[in-house]
Amino acid sequence: MSLEIILGNAGAGKSTALLKDVIRHAAAHPDMNHLVLVPEQFCLSTQQKLAEMHPDHVLLNIEALSFDRLAARAFRELRAESAVILSDTAKILFLTMAVRDVRNRLEVYEKQARYPAFVQRLSSLIAEWTMNDIGPERLRELSEEDLPHLLRLKLNDLALIYEAFRKRLGDRQTAEEMLPRFSRILPRSTVGRTDCLYLDGYTGFTAVQYRILEELFRRAGQIRAVVTLPPEEDPDAPVREGELFALSRGTIRRLRQCAETAGLRTVIRYPEQEYPRDPELTFLREHLFRQPPEKPWPGRPERIRMTACAAPEEEAALAARLIRHLAAAEHLRWRDIAVTVSDLSLYAPLLKRELSERQIPFFTDRREPLQQHPLIRLVLDALETVRDGLPREGMLRLLKNPLSPLTREECDRFENYLLAAGIRRGKAFAEPFYRLRKKRAGEDPHVYEESALSEREEMEALRLKAAGPVLALKEALHRGTT
């Protein structure tokens with residue numbers, strides 16, 4: 001038994017070669033189980049890729065799971081699902097109460113503890129501590145070491161808050177505590193007992209995940225892991241902070257330690273053949289972030305373009321135009337195009353607006369709050385509009401929802417008419433429109449009258465289409481309260 005670590009450049013075909021090995025071995029040994037461990041966000045896509053690559057398009061003895069899904073299986077097996085998992089909002093609430101409990105005992109953070117931003121930052125810190133198996137006891141130990149006085153005071157304050165938070169939680173648990181719980185019950189569970197274990201898609205692991213891997217290594221017969229490290233880089237070189245591949249070297253070192261603990265030897269392997277790559281991208285990959293800077297690309301790049309924009313809005317608009325061009329001129333499919341951004345919270349709304357206006361289908365790789373779902377927004381906005389007496393702003397907010405009965409063009413024309421005719425709220429939407437839009441400067445009276453009457457008839461049809469469901473909801477709510 002051994003741990004085989006597959007190294008290579010990004011995009012060199014490591015993951016594809018690994019999945020091919022999984023399928024080949026699973027087909028040759030139908031009596032053996034194969035577990036592919038991937039990050040949570042890659043579970044479904046990995047299962048789909050395996051099914052597409054398999055000659056029979058079935059996964060009888062192959063599974064693609066994440067650490068969280070393995071943990072959920074273990075909890076069900078041992079009936080350890082009784083703990084209440086707090087949502088992010090509930091976690092912030094309990095943490096706020098914990099800070100309030102010990103605020104008078106804090107020496108450094110007493111003033112900062114009054115601000116919501118401090119609690120938000122503290123929530124992220126506690127999540128990191130939990131995933132790396134760091135408790136308040138460890139913070140107290142550090143506060144007693146020979147460290148700068150201010151740092152020791154800060155660590156002591158954080159330990160106080162951490163202890164108060166755990167006391168407030170009681171039997172409840174945060175989502176970050178799932179894996180520490182899993183690591184404690186894993187020795188008693190049959191989860192992870194597989195003939196072949198494969199690791200793919202990870203850039204590194206937390207302390208808790210390494211502890212879980214040690215136990216999984218003891219249970220598996222054959223283990224393979226994929227790590228990104230170019231062939232010219234030495235995997236045995238010392239890990240120096242700040243180096244480009246320091247994280248990869250650290251991951252290799254820790255995986256080797258896990259293998260040694262489980263009594264396994266480690267083998268390093270590179271893909272037999274890398275996929276042909278674009279020479280410009282290959283040059284960029286080999287020279288980007290290298291110190292000292294290497295020589296520049298000879299000639300003018302043809303496939304890589306850099307554009308400076310004045311604002312994120314311009315960047316989003318440019319990206320949407322380029323995507324349209326790639327689809328129309330080069331016949332690329334939508335799913336063959338990806339947009340990578342530095343700050344998803346900033347760029348996601350801008351890209352969503354630009355791509356939607358150009359009718360470009362897209363998927364955003366992040367979890368959206370439930371209240372941002374179009375159906376939930378439609379229900380909440382409809383109730384709020386009825387409650388407030390059908391104001392113009394509420395009606396327009398409803399009509400701009402993706403599930404609106406009006407198209408975007410109809411909604412824009414309807415909004416222009418409401419503004420031009422001075423229609424504001426309530427009764428105007430419940431009765432046929434009788435107002436005409438205001439006469440434009442220099443418009444011929446006869447032309448104005450004919451055009452305004454025609455526009456009013458068209459807007460009346462849109463009123464019936466748009467306000468009908470809202471008026472029906474208002475009537476149903478009125479009957480239900482009387």
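A crossover is called right-handed if, with the strands pointing away from the viewer, the path from the first strand over the helix to the second runs clockwise; helices (H or I, at least four residues) and strands (E, at least two) are DSSP runs numbered from the N terminus. In this sense strand 4, helix 9 (residues 207–219) and strand 5 make a right-handed β-α-β unit. The model is predicted, so that local features need pLDDT of at least 70 and side-chain atom pairs pLDDT 80 or more, whereas totals for chains, interfaces and linings use all residues. Residues are numbered from 1 along each chain as its sequence is written, and side-chain values use heavy atoms, without hydrogens and water.

Strand 5 (residues 222–228) is mostly covered, with five of its seven residues buried (under 20% relative accessible area, 1.4 Å probe, protein chains only).

One cavity of 30 Å³ or more is found in the whole structure, a cavity being a set of points on a 1 Å grid over the protein atoms alone where a 1.4 Å probe fits but cannot get out. The largest cavity has a volume of about 50 Å³, taken as the space filled by probe spheres set on the points, which are joined across faces, edges and corners. Its lining residues (an atom within 4 Å of a point) include A225, V226, V227 and L199, and strand 5 gives the largest share, three residues.

Key: Buried < 20%, exposed > 50% of the residue type's maximum accessible area, 1.4 Å probe, protein only. 1 Å grid on protein atoms, 1.4 Å probe; cavity = no way out; pocket = protein on both sides within 12 Å on 5 of 7 lines; lining within 4 Å.
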